Amino acid sequence: MPVNSPRRAVLSTAALTLAFGALVLSESAYAAKPVGSDKGASTDQQGGGDETGIYAAARIQYSGAVAKGGSGNVASSDVNWTPPPCWYAPYLGAKDFKKKMSKDIDTSKNTPGMGGTAGSAIGEMERHYEDDYGWTDTPGYKDYNVEKDGEGMFWAGVENPDEPDYLKRKSCTDLPFWVENGEAPPPQYEEAITPEMLAALAYQHMELPDTEVTLAPEAITKVNLPTWAWLDDAAFDEVQATAAVNVPGFNIEATTTATPKSLTLDPGTEDATTIPANGECPIADGRIGEPYAKGKADETPPCGIVYGRSSNGGTFPLKASLTWEISWTGTGQGGPVGLPDGTIEAVQDITVQEAQAVNR
C-alpha cells in the first residue's frame, strides 16, 4: 500500500479535503437536518435503503418530547456548553459509495478548467479509493472496498444545521472512511457520533412545558402586599427526548431526561424584593411555592414578590425562569450522566397599584 510521508500527508489531506468539499459535502445527502416531532411522537430521519438493506445515509431518529422543525425551547445554563456542530456517521455501503463517489470524481475530472491543485487532488482522491493510496493513519482502499460490501460502511461528515457558527458547522471535512460492522471508528476521528453526542442533540431538540407562574393577586397587585407565586403540579413531570442512529452494523441511542429543579423570579424593577431574598424558589414537598388560600393574606409566602412602588398605570415585566436538571443514559452507559441545567423563561406583565389592602 503506497504511504506518504507525514509532511506530504498534511499537504495531500488538505488538498483532498478541498476537492472532497467541492464534490460531495455540499450535497444534500450529507445533511442531517433535524425535523423533530410533536411531544410524545416519533420521527424517523434515516435515509432510504435498497434491496440489500444498505442505507443511503444514516440520519438521527428523534422521539419523545422533541421540537417540531428544529431546536427546542430549552437553553443551557452553561453559556460555554454547546451541542456538537458536526459529526461523522455511517453514510454508504461499499457498492453504493463506489457508485456515487466514482460518478462525482468523473464529473469533476471532466469539468472545464479543472486543473492545478484541485485537479491533482481529485486524482489523488481517485487513487485513494481505487488503488490503495494512503498516508499516515489513513489507509487507502482497493476498488472502494467492494469486496467487503455488507461488512461495514463508509462514514462521512454531517453538519448540525442548528449550529450558528458556519466554520464550526463545516469543520467535519475529513474524507469518508471505512468502519467494519461492530467496530469503533478509528481514534483520530474524535467527532465520530457517540451516545454522549446523541444525548446533547436530544437536549438541543427537547421541548419543555412553558413556564407560567400562578400569582395571587393575579395580574394586578398592590404596593407592599406580598404576591404569592407557585407552579402547577403539571409542571413537575419528567420530560424525555431520545436520539438514535440505527443502520446495519451500527446501533446507538441516548435518552435525555429533564427534571424540574427550581424557579427564579425577576420582578422587573429594582423597587421590589423577592421571597426568598435570592429570588430562587426551590422544590419543596414536590412543588414550587404554595397556592394562596383564603385567610393567608397576612402570611409570608414561601415563594413570591413584594413590590415597593406602583407601576404608574403601566406594568412590570415579571420574568420567571424554571431550571431543569438534565441527565442522560445511553448505549453502553451504566447510569445517568449529568449535562448542564436547562432553563425555560417566560415574562408576565404585572400591574402594581397604590393601595394598602385588597379584597381576595
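**Close-up views of the predicted model**

**View 1. D137 in the loop between α3 and β5.** D137 is exposed, with a relative accessible area of 59% (exposed means over 50%, buried under 20%, and partly exposed in between, with a 1.4 Å probe and protein chains only). The model is a predicted one, in which local features need pLDDT of at least 70 and side-chain atom pairs count only at pLDDT 80 or more, while totals for chains, interfaces and linings use all residues. Residues are numbered from 1 along each chain as its sequence is written, and side-chain values use heavy atoms, with hydrogens and water left out. Although D137 is not a glycine, its phi is positive, near 65°.

**View 2. E147, a further residue of the loop between α3 (116-130) and β5 (152-159).** Helices (H or I, at least four residues) and strands (E, at least two) are DSSP runs, numbered from the N terminus. The relative accessible area of E147 is 78%, and the residue is therefore exposed. In sequence, 53 residues separate E147 from A94, yet their C-alpha atoms are 8.1 Å apart in space.

**View 3. Helix α3 and the residue D132 that comes just after it.** The buried residues of α3 are A121, I122, E124, M125, E126, H128 and Y129. Just beyond the helix, D132 adopts a positive phi of about 65°.

**View 4. N224 in the loop between β8 and β9 (227-230).** The phi of N224 is about 70°, a positive value although the residue is not a glycine. With a relative accessibility of 48%, N224 counts as partly exposed.

**View 5. The cis peptide bond between A216 and P217.** The omega angle of this bond is about 0°. P217 belongs to the loop between β7 (214-216) and β8 (220-222).

**View 6. The cis peptide bond from I275 to P276.** Here omega is near 0°. P276 lies in the loop that runs between β12 (272-275) and β13 (280-284).

**View 7. Strands β1 and β6, the elements of lowest and highest mean pLDDT.** The pLDDT is the predictor's confidence in each residue, from 0 to 100. Across the protein it averages 82, and 82% of the residues score at least 70. Strand β1 (residues 41-43) has a mean of 33, whereas strand β6 (residues 177-180) reaches 96. Over residues 3-15 the pLDDT is below 50, and over residues 24-56 the value is likewise below 50. Where pLDDT is low, the predicted coordinates should not be read in detail.

How values were computed. Contact means heavy atoms within 4.5 Å.
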